[in-house]
Amino acid sequence: MNFAFSEEQEELRKMVRSFLESKSAESAVREQMETTDGFDAAVWSQMADQMGLQGLAIPEEFGGQGFSFVELGVVLEEMGRALLCAPYFSSVVLAANTLLLSGDKAAMKAHLPGIASGETIATLAVTEPSGKWDASGVTIEAKGSGTDFTISGTKMFVIDGHTANLIIVAAKTSKGISLFAVDAKAKGLTRTALSTMDQTRKQAKLEFASTPATLIGTEGKGWDVLSQVFDLVAVALAAEQVGGAQKVLEMAVEYAKVRVQFGRPIGSFQAIKHKCADMLLEVESAKSAAYYGMWCASEMNDELPSVASLAKAYCSEAYFHAAAENIQIHGGIGFTWEHPAHLYFKRAKSSELIFGDPTYHRELLAQRIGI
């Protein structure tokens with residue numbers, strides 16, 4: 001069994017990195033952080049038209065390119081490295097995978113081609129004001145029959161919820177948790193952008209007041225789909241975190257080489273050497289966890305649930321520790337607004353907490369392997 005990336009996958013990485021270095025430089029990231037939408041529509045179109053990134057892992061029959069989760073993971077790793085401000089995670093990881101795993105061919109035909117072409121920005125709304133990531137957190141209700149329903153209630157922390165055209169909502173019916181498609185222009189829907197610590201990833205509060213919705217998949221089977229989606233999301237976030245962790249490691253090492261104190265580079269001091277060595281060990285271990293998770297996700301094998309929780313827990317802590325140590329190695333300058341270290345620190349913290357923190361995932365892992 002060979003877990004090395006193929007030549008084509010390495011070429012994809014090179015191509016995406018080159019694109020992001022020109023389109024998601026620090027200046028571009030800071031510019032988008034200040035906007036309400038949080039992304040550049042022209043860059044989003046380029047990603048779809050020239051690079052085909054939105055349709056990368058969507059099957060060819062629905063307008064995509066039909067690549068595996070491994071290729072998607074490579075792209076996400078590079079996006080995490082560049083702190084790309086775009087609704088890629090919400091559209092491609094959250095919404096597209098929910099549609100694909102729902103088994104609803106009509107919904108796939110209706111929505112996936114738009115996601116693949118970049119015309120549709122989609123997201124998934126599960127969490128409510130309680131902040132829970134499990135089935136008990138879904139309490140808002142949907143009423144209706146057949147495929148036509150109305151939803152009432154509030155969803156919180158919806159990634160790109162204020163800019164998405166399509167929102168996939170988890171709500172309860174008499175048969176249990178179900179999934180629904182809601183058009184962004186539907187009546188009774190109020191969308192409010194939230195103030196977030198990590199300004200590179202926008203979130204929103206969505207309020208539904210008897211808002212029309214269309215059933216996706218089988219009524220009452222929504223959580224079966226979402227539990228699989230969340231495993232894929234955990235792996236996708238781990239890939240992103242690895243990209244960010246590698247970047248802050250490089251920043252720290254580079255600074256340790258050029259910053260001179262007492263007549264020599266600070267990298268020659270034992271305390272700094274130890275910090276860099278510890279970061280390297282954690283980043284390389286995180287890569288192993290994330291890459292194995294990507295392989296399990298591409299195979300959709302029995303190991304995925306346990307590996308997904310393991311990867312999310314470990315990569316979250318590795319990234320956050322690396323981002324914090326990067327600030328420490330930079331000293332005073334690392335704490336300033338002008339330096340990019342805090343951008344990675346904030347992304348590391350928000351990624352650690354969203355979709356379940358390390359403690360939540362370790363508990364989940366223990367349950368899944370029967371401890």
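# Briefing: cysteines, helix packing and selected residues

The structure holds zero disulfides. It is a predicted model.

**Cysteines**

- Cys296 takes part in no disulfide, and its nearest cysteine sulfur belongs to Cys315, 13 Å away.
- Cys296 has a relative accessibility of 0%, so it counts as buried.
- Cys315 is buried too, at 1% relative accessibility.

**Helix α4 against helix α7**

- Two packed helices are described by the angle between their axes and by the distance between those axes.
- Helix α4 covers residues 69-82 and helix α7 covers residues 222-258; the two pack at an angle of about 40°, and their axes are 7 Å apart.
- Because of that angle, α4 is oblique to α7.
- The crossing of α4 and α7 is right-handed.
- On the α4 side, the contact is made by Phe69, Gly73, Leu76, Glu77, Gly80 and Arg81.
- On the α7 side, the residues of this contact include Leu232, Val235, Ala236, Ala239, Glu240 and Val242. Also among them are Gly243, Gly244, Gln246, Lys247 and Glu250.
- By class, the contact of α4 with α7 has seven nonpolar, five polar and five charged residues.

**Helix α7 against helix α8**

- Helix α8 runs over residues 270-299, and its axis comes within 9 Å of the axis of α7, with a crossing angle of roughly 155°.
- At this angle, α7 is roughly antiparallel to α8.
- The crossing of α7 with α8 is left-handed.
- From α7, the residues that meet α8 include Leu232, Val235, Ala238, Ala239, Val242 and Ala245. Gln246, Val248, Leu249, Ala252, Val253 and Ala256 of α7 are also among them.
- From α8, the residues that meet α7 include Ile272, Cys276, Met279, Leu280, Val283 and Glu284. Ala286, Lys287, Ala290, Gly293, Met294 and Ala297 of α8 are also among them.
- The contact of α7 with α8 divides into 20 nonpolar, two polar and two charged residues.
- Leu232 and Val235 of α7 are listed in the contact with α4, and Leu232 and Val235 are also listed in the contact with α8.

**Ala256, in helix α7**

- Ala256 is found in helix α7 and is buried, with a relative accessible area of 3%.
- Setting aside residues up to four places away in sequence, Ala256 touches Pro265, Ile266, Gly267 and Ile272.
- Ala256 and Asp134 are 122 residues apart along the chain, and their C-alpha atoms are separated by 43 Å.

**Positive phi**

- Most residues other than glycine have a negative phi.
- Leu83, which is not a glycine, has a positive phi near 50°.
- Leu83 lies in the loop between α4 and α5, the latter being residues 88-102.
- With a relative accessible area of 2%, Leu83 is buried.
- Met300 is not a glycine either, and its phi is positive at about 50°.
- Met300 is placed in the loop between α8 and α9.
- Met300 counts as partly exposed because its relative accessibility is 36%, while buried means under 20% and exposed means over 50%.

- Val126 sits in the loop between β1 (122-125) and β2 (141-145).
- Val126 has a relative accessible area of 5%, so it is buried.
- Leaving out neighbours within four places in sequence, Val126 is in contact with Val138, Lys155, Ala170, Trp223, Leu226 and Phe230.
- The C-alpha atoms of Val126 and Arg264 are separated by 53 Å, and the two residues are 138 residues apart along the chain.
- His339 is located in the loop between α9 (304-330) and α10 (341-353).
- His339 is also buried, at a relative accessible area of 12%.
- Not counting residues up to four places away in sequence, His339 touches Arg30, Met251, His330 and Ile333.

Note on methods. Residues numbered from 1 in each chain as written. Predicted model: local features only at pLDDT ≥ 70, side-chain atom pairs only at ≥ 80, totals over all residues. Heavy atoms only, no water. Disulfide = S-S within 2.5 Å. Buried < 20%, exposed > 50% of the residue type's maximum accessible area, 1.4 Å probe, protein only. Helix = DSSP H or I, 4+ residues; strand = E, 2+ residues; numbered from the N terminus. Contact = heavy atoms within 4.5 Å. Axes fitted to C-alpha atoms, helices over the stretch in contact; angles between N-to-C directions. Parallel < 35°, antiparallel > 145°, perpendicular 65-115°, else oblique. Left-handed = near helix turned anticlockwise from the far one by under 90°. Nonpolar A, V, L, I, M, F, W, Y, C, P; charged D, E, K, R; others polar.
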